[in-house]
Amino acid sequence: MRIFLLAILLMAASSINAQDFNFDEVTYTPQQTVFKLFAPKNAKNVVVEWHAMSLPKNNMRRVPPKRFKQKLTLGKDGIWSTKVKGDLNHCVYHFFVDDNVSPGVFAKAVTVNGQNGVVLDMKETDPEGWEYDHRLQVKSPADLVIYEMHHRDFSIDPSSGITPEHRGKYLALTEEKAIRHLKELGVNAIHILPSYDYGSVDETRLNQPQYNWGYDPVNYNVPEGSYSTDPYTPATRIREFKQMVQALHKAGIRVILDVVYNHTYDIEHSNFQRTYPDYYYRKEGGKYSNGSGCGNETASEQPMMRKFMIESVKYWINEYHIDGFRFDLMGVHDIATMNAIRAAVDEIDPTIFIYGEGWSAGACALPAEQLAVKAHITQLPRIAAFSDEIRDALRGPFSDDSQGALLAGILGDEESVKAGITGMIDHPQVDYSLVNYTKEPWALQPTQMISYVSCHDDMCLTDRLRASIPGIKTDELIRLDLLAQTTVMLSQGVPFMLSGEEMFRDKKGVHNSFESPDSVNHLDWDNLSRYPQVFEYYKKLIALRKNHPAFRLGDADLVRRHLEFFVAPKGVVTFHLGGHAGGDAWEDIIVILNFNKDAQKVDILEEPFTVVCCNGVIDENGLGEICSEQVEVAGQTAMILKK
């Protein structure tokens, strides 16, 4: 039945994509500019108004620009359009749909705060050598190590050493110190929090304290101006975003964009509503549905909303060379749309990674069986979801910051960790009746699971450990921090970490810091010298994963063939990767995770092994030899053995 339903959904997606939809957009050439708009067929007045950019006169006042208007004509395809002769490069424009004014839903350049669109020759925004820019090639998503980052958090603090005018900006990620840090850490994919034009930061008041994560979309296809050095000049934010991507690509780092198609900043002022009222939103019982928890939810199943999402993703890939997408509240979207996006992306580059939150923030006005939630990942080939199973088995439930789990010495979630180690696939040694939140495997492949213990919208790891273990001392905090990330990085899923965890970051205990000041959200780079052992362990842990394909098999059958769990004491998870798994140079690898406070004796293979990780130290060359069928592992630590 499930296969039949999937076939119907895919056929529906194909038939919709096959239709020749144009979309509202502005297409520029020096000879003419074509304006298109998807608006109601019964609209009485659809007009585009444009004018040259207002320029200062004698540095004293601005000359009022001469304004021009032209009506759009409704075509047979249901799209309103008009052609304006002449060179409109750098002209400011907006559409009128009866009484509503907007730049349309697909503006590619905007004025400050995104209130108006701008006609722009995009070639002007390409940095030197842009045509030679290329992404890091990977064989499998399992080869990625994802580093989630907010532009301002990463570089705003003076301790970052970033040039003052670049702190909190796109250009911070072009500077040598930032690139050197990321390369030394070993991550090869940067997940940047929303970087499109969003509504909660006033770009005209950047000299005043403002902060937001950016999950409040306004113009989905234009970089946010507050992260540029000049939000008033439309080309600057675009060029600097591209410079950032180019610098990261040169360093062998992919760029993943956080996209928030599931809701808008609001309804009344959104460009969706102002161009085609109520088309892009779901309603139930005459009221706007709120599956996003933000006051509205978009209707991805609507043909033109689906088309918008597909074309937006393609635009970010083609224009900005983006390498992956993280879908906020992916569970609000329908399965057919997500599969259509995957298919469209595959035509460009199948290695572009797509993942998302496999849940919504509330009930959606669409049947549950149609939604792209975690339980339906088997219907979403090559799309991944976050695993809250492994996350909460390690540190405790999202709903209660003070409630701990294995890291707090509260045992019982070992089976959930085992499921996470396999990548949430079907494995003969995982008893899903004992796994939290799910009673059956939800991933067909391990690369459909994001393995993590902390991210932006929750306490960071150190804060959560402090909240769930009152009075915890620094040495224990470090031990548990390293143990948690060892579990994450050595799982067969795709590992993901929050920026600054390698610096022993804290956010002063704030759970939801989406609008907290820099004093809460900033990274303190001086922590690298305060806690050098933390960065050193993270660096060597990531290198261990990258150096050994056994930890990133990328295929469910290979995981079932090569990964086995050993019987272990309560509070201990032990797994073995044998037979040169994935072509690994090491014939056998044993990983022991001891969540108990006390040392535990663990049965292993009675063969000579070399210790490569013990007591918070990693050395692939070896820390000692073991030739025994039993080994003692210190409390709250990981031990890794090789043969």
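Strand β12 (residues 146–149) is covered on both of its faces. Ile146 and Glu148 lie on one side, Tyr147 and Met149 lie on the other, and all are buried, where buried means under 20% relative accessible area, exposed over 50% and partly exposed in between, with a 1.4 Å probe and protein chains only. Helices (H or I, at least four residues) and strands (E, at least two) are DSSP runs, numbered from the N terminus. This is a predicted model, in which local features need pLDDT of at least 70 and side-chain atom pairs count only at pLDDT 80 or more, whereas totals for chains, interfaces and linings use all residues. Residues are numbered from 1 along each chain as its sequence is written, and side-chain values use heavy atoms, with hydrogens and water left out.

Strand β12 has parallel partners. With strand β13 (residues 189–192) it runs parallel and is joined by 4 bridges; two strands pair if DSSP finds at least two bridges between them. Within β13, isoleucine 192 is the bridge partner of methionine 149. Strand β23 (residues 494–498) also runs parallel to β12, through 3 bridges, and its methionine 497 is the bridge partner of tyrosine 147.

As for phenylalanine 325, its contacts (heavy atoms within 4.5 Å), not counting residues up to four places away in sequence, are Ile256, Leu257, Val259, Val313, Trp316, Ile317, Ile352, Phe353, Ile354 and Tyr355.

Another set of strands shows antiparallel pairing: an open sheet of 4 strands with the order β1-β2-β8-β7. Its edge strands, β1 (26–28) and β7 (73–74), each pair on one side only. Strand β1 runs antiparallel to strand β2 (residues 32–37) and is joined to it by 3 bridges. In β2, phenylalanine 35 is the bridge partner of valine 26.

The expected span of a helix is 1.5 Å times one less than its number of residues. Helix α14 (residues 532–547) has 16 residues and should span 22 Å, which agrees with the 22 Å between its end C-alpha atoms. Its buried residues are Val534, Phe535, Tyr537, Tyr538, Leu541, Ile542, Leu544 and Arg545.

Isoleucine 469 occupies the loop between α10 (461–468) and α11 (474–489). Isoleucine 469 is buried, with a relative accessible area of 10%. It touches Leu407, Ala408 and Leu480, not counting residues up to four places away in sequence. Isoleucine 469 and alanine 408 are 61 residues apart in sequence, yet their C-alpha atoms are 6.1 Å apart in space.

Most residues other than glycine have a negative phi, and most peptide bonds are trans. Asparagine 113, in the loop between β10 (100–102) and β11 (117–118), has a positive phi of about 65° although it is not a glycine. Glutamine 636, in the loop between β31 (630–633) and β32 (637–642), has a positive phi near 55°. Asparagine 113 is partly exposed, with a relative accessible area of 24%, whereas glutamine 636 is buried, at 3%.

The aromatic rings complete the account. Rings of Phe, Tyr and Trp (its six-membered ring) pair if their centres lie within 6.5 Å; planes under 30 degrees apart count as stacked, over 60 as edge-to-face and the rest as tilted. By this rule there are 38 aromatic pairs. In one of them, phenylalanine 272 and tyrosine 281 have ring centres 6.4 Å apart and planes at 75°, so the pair is edge-to-face. Both phenylalanine 272 and tyrosine 281 are buried.
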